[in-house]
Amino acid sequence: MTQILEILISGITQGAVYCVVAVGLSLVYGASRILNFAHGSLYSLGGFLAWYLVVGGPGIPLWLAFLLILPVLALTGVVIERAVIRPLRGSDNWKINTIMVTLGLAFIIENGLQLVFGPGTRTIPPFVEGSLSISGITITWYKLSIFVISLALVGALELFLSSTRYGQAVRAVSQDMQGANQVGINVNQVFSTTFALSVVLTGVAGILLAPVFLVSPLGGWAPFLKAFVIVVLGGLGSTKGAFVAAFILAVLEAFVIFYIGPSWAMPAWLLMLIIVLMVRPKGLFGVWEN
Amino acid sequence: MTQMSLENVTMQFGPFRALTDMSFHIERGEILGVAGPNGAGKSTLMNVCTGGLRATAGQVIFNGQDITRFKRHYRCGLGIAQTFQIPTLLSSVTVGENLLAGQVFGREVRGEDTGISMRDILFLTQLEDHLAMPAAQADLLTRKRIMLGAALATGPEIIFMDEPLGGLNAEEIVEFLQVIRHVREELGITIVMVEHKTRALAEIADRVLIINFGEFVMLDTPQVVLNDDHVVEIYLGKKHDA
């Protein structure tokens, strides 16, 4: 019983971080119908920037690194949206074109990271040590803190979307781009903002998971693939769907890793995805596109 | 009094010229009908005025200001609204929230006071009893009313309507024409409407603009325009003497 609870808790804490990556991917898809294949490399970028500031370079404390990295990530998002994606919008087959272009961008970022930091894996020491034990169930303080931080991030995003004027503009654009533009919403600005937020989310997840999963230039593909499965399972563009799907899949993963083996985690995810899509082709909370 | 004018506006898409050297004035408070065969450039003309497209050459002047290079959301803020043939709605929220979106986002540029109250809009569009209804459940005519209501909520001085009657049956056409008429009469908003249903257009419009192959053909009262031999020829082909 204790063991099952421990696996469950491990899955739930992991799920919160997956959720951060997936919600970032989903946010951009929801607002602008762009599937950003560079999402995973931006996750790695966040991890490497933190590693450089905390370990490899000046050696500043992690919280300070966070403060410095957040604006860099946001700016990266704005620049990518403006320079790479916006010129394609409205061209023939622009949805496919943006996939190809962001895929290329992923390679550029990855190879850039390899050039600058070398191909090896890096790690950042966790900002808290030790663990908490309650009636035989043990969880490290670090996992507990990234769980709380992740939930806070997703909660803040939800709050932003539901109750700020800007968030309302984002929601309007994701429902009807032309209708939103018609009532005076600056659609381009919404695209830039959502992209910036998305890069911040995935980059922060990259930093939070660096002590657990290590950082490597090519290490972004696994989180990207997972985020992608979460977003599709939850329903494309649905933040709520991504939230629920992230926890379902992370808990599934924790049990599969424990009872069958780590290499079966991804097959289990994809199997789950196939089963859900057979029953609900649009995902758990998805709505049909017209 | 001239509210908006186009001066030698040309719109080029690659090798294709959708509008050629188009010049005319829109008078404040009028209902201007725009007609012409398919592919004449009617929708392009609307978009050049509302900011959906930026004219390749020439100028669009609104209240004396050159707005040729302004984006759509900014022109919306200046008081230039637009509705489409297929209603663009926020389908997951209620009718009332759709209208609020216009009020919240459309009035930024000029501040809050545009002289158009929500009460007037609800009365004119007859949406008072549907405020809490999810927009997704509305029928076509109601969807068109919601879209018009959201456009009105931005506090416009002029509305460009692209085929507002498209898809409506005879009864609904009469009803919606009445709504459009009231918008002009009660709120004094200028209306420019593209419409294929020429009889309805002749009935409601003060003046009708005919364009063909992206070029200005004529602009006059409906009586004059629709009895013009050249216009009849554009629509029906040359008359054969036999």
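Q: Are α3(A) and α8(A) parallel, antiparallel, perpendicular or oblique to each other?
A: In this predicted model, the axes of α3 (residues 62-85) and α8 (residues 187-213) of chain A come within 7 Å and cross at roughly 140 degrees. Axes are lines fitted to C-alpha atoms, for helices over the stretch in contact, with angles from 0 to 180 degrees between N-to-C directions; helices are DSSP runs (H or I, at least four residues), numbered from the N terminus. Angles under 35 degrees count as roughly parallel, over 145 as roughly antiparallel, 65 to 115 as roughly perpendicular and the rest as oblique. α3(A) and α8(A) are therefore oblique.

Q: What is the handedness of the crossing of α3(A) and α8(A), and how many residues of their contact are nonpolar?
A: A crossing is left-handed if the near helix is turned anticlockwise from the far one by less than a right angle, and right-handed if clockwise; α3(A) passes α8(A) in a right-handed crossing. Ala, Val, Leu, Ile, Met, Phe, Trp, Tyr, Cys and Pro count as nonpolar, Asp, Glu, Lys and Arg as charged, and the others, Gly among them, as polar. Besides 5 polar and 2 charged residues, the contact of α3(A) with α8(A) has a nonpolar count of 17.

Q: Which residues of α10(A) make the contact with α9(A)?
A: The axes of α9 (residues 221-234) of chain A and α10(A) come within 8 Å and cross at roughly 120 degrees, so the two are oblique to each other. The crossing of α9(A) with α10(A) is right-handed. Contact means heavy atoms within 4.5 Å; α9(A) brings Lys226(A), Val229(A), Ile230(A), Leu233(A) and Gly234(A), and α10(A) brings Gly241(A), Ala242(A), Ala245(A), Ala246(A), Leu249(A) and Glu253(A).

Q: At what angle do the axes of α10(A) and α11(A) cross?
A: Helix α10 spans residues 239-259 and helix α11 residues 265-279, both of chain A, and their axes come within 9 Å. The crossing is right-handed. The angle is roughly 140 degrees.

Q: Which helix supplies the largest share of the lining of the largest cavity?
A: α3 (95-105) and α5 (140-153) of chain B each supply at least two lining residues, as does α7 (177-182) of chain A. The largest share, 3 residues, comes from α7(A).

Q: How are residues and chains labelled, and which confidence limits apply?
A: Residues are numbered from 1 along each chain as its sequence is written, while chains are lettered from A and ligands numbered from 1 in the order written. Side-chain values use heavy atoms, without hydrogens and water; totals for chains, interfaces and linings use all residues, side-chain atom pairs count only at pLDDT 80 or more, and local features need pLDDT of at least 70.
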